[in-house]
Amino acid sequence: MNSLSAHLYSLDWFTQSGGATLTVRGRRSGRPVSLPVVIAEHDRSRYLVSMLGDDANWVHNVREAGGDAELNQLPVHLVEIPIGERASILRCYLQIAPGARPHIPVSHQAPLSEFAGVAQTYPVFRIDRS
């Protein structure tokens, strides 16, 4: 399913939903790995959130690649956001990514303080142009 979704996102079929295809070099294989992601916009910046937490393969791959990746085949640099700055981005993300709600144990309508309580578990990356 991830391969199919990634391909559809790369064709811009789901751009209104914030969907995109993230491609990053695999840390073990060295080959490009693509997966579907949802881009959250907050305070005039764009972000990727790992709804599966710190142990998601794409997170390890991005860290190993020094933040270098592609979104919809365009080069980007992903900058990891410090834990203390993630809460408002996580809340924004859950507003637009209902599929992530079962993975993050906070209601999308919860106060910011509840998001701050889980922020250490969910990496957030700002998308910068390369």
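**Entry 1: a strand pair.** I began with strand E5 (residues 74–80) and strand E6 (residues 124–129), which pair in the antiparallel sense over five bridges. Two strands pair if DSSP finds at least two bridges between them. I looked up one partner: Val76 is bridged to Arg129 in E6.

**Entry 2: ground rules.** I noted that this is a predicted model, where local features need pLDDT of at least 70, side-chain atom pairs count only at pLDDT 80 or more, and totals for chains, interfaces and linings use all residues. Residues are numbered from 1 along each chain as its sequence is written, and side-chain values use heavy atoms, with hydrogens and water left out.

**Entry 3: the whole chain.** I found four helices and six strands. Helices (H or I, at least four residues) and strands (E, at least two) are DSSP runs, numbered from the N terminus. Along the sequence I read the pattern α-β-β-β-α-β-β-α-α-β. The chain has 130 residues, and 42% of them count as buried. Buried means under 20% relative accessible area, with a 1.4 Å probe and protein chains only.

**Entry 4: the barrel.** I traced six strands in a closed barrel, in the order E1-E2-E3-E6-E5-E4, with antiparallel pairing. Neighbouring strands of this sheet are turned by 45 degrees against each other on average, direction ignored. Helix H3 (residues 87–96) packs on the sheet and touches strand E2 (32–42), strand E3 (45–49) and E6. The direction of H3 makes about 105 degrees with that of E2. Axes are lines fitted to C-alpha atoms, for helices over the stretch in contact, and angles run from 0 to 180 degrees between N-to-C directions.

**Entry 5: inside H3.** Which residues of H3 are buried? I listed Ala87, Ile89, Leu90, Cys92, Tyr93 and Leu94. Their cover includes E2, E3, helix H4 (112–118) and E6. A contact here means heavy atoms within 4.5 Å.

**Entry 6: aromatic rings.** I searched the whole structure and got one aromatic pair. Trp58 and Phe125 form this pair, tilted, with 5.6 Å centre to centre and 55 degrees between the planes. Rings of Phe, Tyr and Trp (its six-membered ring) pair if their centres lie within 6.5 Å; planes under 30 degrees apart count as stacked, over 60 as edge-to-face and the rest as tilted. Trp58 lies in helix H2 (residues 57–64) and Phe125 in strand E6, so the pair ties together parts that are 67 residues apart in sequence. Are these two residues buried or exposed? Both Trp58 and Phe125 are buried.

Note on methods
Buried means under 20% relative accessible area, exposed over 50%, partly exposed in between (1.4 Å probe, protein chains only).
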